[in-house]
Amino acid sequence: MRRSLAELRPVRVVGVGLHPYQKPGDTPYTALGVHAIRAALADAGLSWNDIDSAYTGTATTAMGMSRLMYRHLGSTGIPMAQVENASASGSTAFRQACFEVAAGLVDVAIAVGVDKPLKVAMPQPAAGIHDLAGNRVAPFTHFALLANRYIYEHGATAEQFGQVAVKNSRNGALNPNAQRQVARTLDEVMAPPQISGPLTRLQCCPIGEGAAAVIVASDDAIKRLELNSGRAIRVAASSTRSETVYRGENFDAALTRETTTEALSDAGITAAALDVVELHDAFTVEEMLYIEAIGLAKSGHAAAQLAEGQFDIGGRVAVSPSGGLLSMGHPIGPTGVGQLCEIVTQLRGEAGLRQHRGARNGLAHMVGVGAVCVVHILSSD
Amino acid sequence: MRTAVHPGLYNLDTNTPVLFGTRCDSCQGLFFPPLAIGCEICGAEANQLKPETIEAFGVLHSVATVHLHHGRGIEAPFAIGEIQLDAGPLIRATLGALVDVTAIGARMQAEWLTVGTADDGSELTEPRFVSVTSTHVAHGSESVGSAAREELSGEPHEELREAANGESPETTQGSTEGGSR
């Protein structure tokens, strides 16, 4: 049995906040997280005492890290837990916060993504799994193989992948929270070092540190706490699925298609109704694959439509207006929460120079090692 | 005497490599690398999972020239291929030579390659996939075709090695090993 979020009581995002994503440094994760939380509280017009429950999306820092961070806001004794789901950790933390409010267990919950890249470990060694490629295949080679297969199937060029990084760097240059804030030319994107297959360094996302926070609330809480309902953004759908056996089909795209189809159905809209999309563009090829898997372009058509500017801010649908993982960065735990911060800001019409005008429906998509996929749809209504 | 680079995945006693896979008696699914605990397709328990050898023949599904990696015992650049085995599984393995996208669709087979010397003095040996129609046989790092040599020219190997060691201040996805998704 499965029920959708839409069948439960409404959940709305009332506050968002970020600590800028940055190169790994000496800032304690506690300081990164509290900065983002205070920003989200201020954005919502709430105090920490109003928060009933906290979920921390994290994958690379340390066990049991929540209270050491939240205590700096005052020890209120609320339930708190870490949520680990690889790159989708933050997205999954947000989902848990939404469910707790939607189920009526609490009125106000916070999802915080925070990480420093201290302990990045894959599960295969602990599972005793070995294959012929082993550590010779890093994540970027997994996607380089998909890129070359896409080139083979659709006649795409390496430069067309590079154009994804050009677009996202242009968006990231407008985002003060982005790790990479320099707009790049195609020549710069295609320049060495070559990493794997057609992927150059600037076609691979930077792993850094940072934090992002999103506060969700029930309509009861919005009324009781006298929050600005005009800035509250409804969570229309939350879907997550895990990989099955696809018998040779590209599992990243298949899993994205399945999960997005479910989320769009739950939200009662089609892909054509989406105005802003944040997706898992850790590598340029992924944006092309997921644009097609989400249904924003037919198979093999993403590159041409990208070249036409259809996925630009101001285009048909703005894809990765934050700069995406490629430019905003991918600090792992915060990434999925940061996507939701961008979607909410866009749907409120508060994105400034990055604003995609008239944005009403937004989709946030993450995939995580395993593989899992998490998709949220938010709507301004 | 030879020692397998990947113990448990193949038998060095055969003239051409044969892979060790697992067949599920319940759903007939065939897996490589082998499964031991339960079937990924139908959930059948271990007593339904039977060892089955898999001929190392297939079609090149995709390929990537790797410049940055975390593996041991191999110098970049080298080629990783996805091979759709005739028996069913889609596997990843190192290729015997650098090839480009135009090689996708080619018939492939595995052959043995000695890649080093083990602590006991035996030859470290692994299977590398090569094009069935290729006239050139892999012999370690020298097995680079003319197109590949062109591709190698001007590569900033030192910079890549630094990045692989995590010394690059702006760590890219790969140099933290994982977290791609």
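What follows is a short walk through the two chains and the place where they meet. Keep in mind that this is a predicted model. Chain A brings an open sheet of 10 strands, chain B has 2 helices and 9 strands, and the two chains bury about 4400 Å² between them.

**The sheet in chain A**

- Going across the open sheet in chain A, the strand order is β3-β2-β4-β7-β1-β8-β12-β11-β9-β10, and the pairing is mixed.
- The edges belong to β3 (80-83) and β10 (318-319) of chain A; each has a single partner strand, so one side of each has no neighbour in the sheet.
- At the β10 end, β10(A) pairs with strand β9 (residues 276-278) of chain A in the parallel sense, over 2 bridges. In that pairing, A:Val277 sits opposite A:Val319 of β10(A).
- Helix α3 (residues 89-102) of chain A packs on this sheet and touches several of its strands, including β1 (12-22), β2 (53-57) and β3 of chain A. The direction of α3 makes about 165° with that of β2(A).
- Another helix, α9 (residues 251-267) of chain A, lies across β8, β11 and β12 of chain A, and runs at about 145° to β8(A).

**A buried glutamine in chain A**

- Is A:Gln346 buried or exposed? With a relative accessibility of 1%, A:Gln346 counts as buried, since the cut-off for that is under 20%.
- You'll find A:Gln346 in helix α13 (residues 333-348) of chain A.
- Leaving aside residues up to four places away in sequence, A:Gln346 touches A:Val276, A:Pro321, A:Ala351, A:Arg354, A:Gln355, A:His356 and A:Ala359. One of these, A:Val276, belongs to strand β9 of chain A, which spans residues 276-278.

**Chain B at a glance**

- Chain B has 181 residues, and 46% of them count as buried.
- Take the contacts in chain B with a separation of 6 or more: 51% of them come from residues 24 or more positions apart.

**Strand β2 of chain B and its partners**

- Strand β2 (residues 18-24) of chain B has 5 of its 7 residues buried, so the rest of the structure largely encloses it.
- One partner of β2(B) is strand β4 (residues 49-55) of chain B: the two pair in the antiparallel sense over 7 bridges. Here B:Val18 stands opposite B:Glu55 of β4(B).
- Strand β3 (residues 30-31) of chain B also pairs with β2(B), again antiparallel, over 2 bridges. B:Thr22 has B:Phe31 of β3(B) as its bridge partner.
- β2(B) and β3(B) form a hairpin with 5 residues between the strands, where B:Gln28 takes a positive phi near 70°.

**Where the chains meet**

- How many residues does each chain bring to the contact? Chain A gives 52 residues and chain B gives 53.
- Of the roughly 4400 Å² that the chains bury between them, 62% is on carbon and sulfur atoms.
- A:Leu132, A:Arg136 and A:Leu145 supply 22% of the area that chain A buries against chain B, more than any other three residues.
- The interface has 1 salt bridge by the rule used. B:Glu126 and A:Arg136 form a salt bridge, with their closest N and O atoms 2.9 Å apart.

Technical notes
Residues numbered from 1 in each chain as written. Chains lettered and ligands numbered in written order. Predicted model: local features only at pLDDT ≥ 70, side-chain atom pairs only at ≥ 80, totals over all residues. Heavy atoms only, no water. Helix = DSSP H or I, 4+ residues; strand = E, 2+ residues; numbered from the N terminus. Buried < 20%, exposed > 50% of the residue type's maximum accessible area, 1.4 Å probe, protein only. Contact = heavy atoms within 4.5 Å. Pairing = 2+ DSSP bridges. Axes fitted to C-alpha atoms, helices over the stretch in contact; angles between N-to-C directions. Buried area = accessible area lost by both parts, 1.4 Å probe. Salt bridge = Lys/Arg side-chain N within 4 Å of Asp/Glu carboxyl O.
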